Amino acid sequence: MIDEYKGWNPKIDPSAFIADDAVITGDVTIEKYASIWFKTVIRGDVSSVKIGQNTNIQDQCMLHQSPDLPLIIEDGVTVGHQVLLHSAIIRKHALIGMGAKILDGAEIGEGAFIGAGSLVTPGKKIPPRTMAFGSPAKVIRELTDKDIKEMDRVRQTYVDKGQYYKSLQERS
């Protein structure tokens with residue numbers, strides 16, 4: 001379902017893949033080659049949501065915000081299954097592991113990795129190219145070039161899969 005909310009209509013680039021059972025409402029912008037996967041909910045009914053190009057929001061994610069605190073997800077971000085993002089900033093090429101929760105005012109640095117199941121508390125800043133894990137999340141180490149290559153591989157896999165699924169939608 002893609003729907004307006006009080007005059008705000010989602011702006012979705014035609015190249016983006018949106019799963020048929022995703023819910024996207026209100027002030028939401030989704031850029032080129034992004035993918036929004038099955039049973040994900042993105043509500044732009046309090047503040048805006050921006051999703052950058054080549055970003056993937058995997059199955060069963062929940063994206064929302066607080067008043068005057070937009071949710072900003074930059075280019076090339078991977079958001080794993082069942083992640084909750086609420087009024088945060090996720091910088092380019094970050095990876096948010098499955099089941100993580102990122103709360104109001106948190107900022108995930110460029111190329112950072114948040115471990116599965118982690119809780120990033122309100123206002124917490126995770127530095128670029130680091131791995132943070134736990135509840136509450138704490139930086140446990142810097143990322144290696146091998147880690148970054150793997151994150152790039154995962155991201156590209158989702159861009160490719162998103163385009164495949166989009167081609168199936170267009171055929172039906």
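Okay, let's start with strand β4, residues 23-30, which runs parallel to strand β6, residues 41-51, with seven bridges joining them. When I say strands pair, I mean DSSP finds at least two bridges between them, and a strand here is a DSSP run of E, at least two residues, numbered from the N terminus. Keep in mind that this is a predicted model: local features need pLDDT of at least 70, side-chain atom pairs count only at pLDDT 80 or more, and totals for chains, interfaces and linings use all residues. Residues are numbered from 1 along each chain as its sequence is written, and side-chain values use heavy atoms, with hydrogens and water left out.

Back to β6. Thr25 has Arg43 in β6 as its bridge partner. β6 also runs parallel to β8, residues 62-64, through two bridges, and there Val41 partners Met62. Then three bridges link β6 to β9, residues 71-73, again parallel, with Val49 partnering Leu71.

Now, salt bridges, meaning a side-chain nitrogen of Lys or Arg within 4 Å of a carboxyl oxygen of Asp or Glu. There are 10 in the structure. Arg43 turns up again here, with Asp45, at 2.9 Å between the closest N and O atoms.

Glu107 and Arg91 make another one, also 2.9 Å, N to O. Glu107 sits in strand β15 and Arg91 in the loop between β12 and β13, so this pair ties together parts 16 residues apart in sequence.

Last one: Asp147 with Arg141, 2.7 Å between the closest N and O atoms. And salt bridges with shared partners put Glu74, Arg91 and Glu107 into one network.

How values were computed:
Helices (H or I, at least four residues) and strands (E, at least two) are DSSP runs, numbered from the N terminus.
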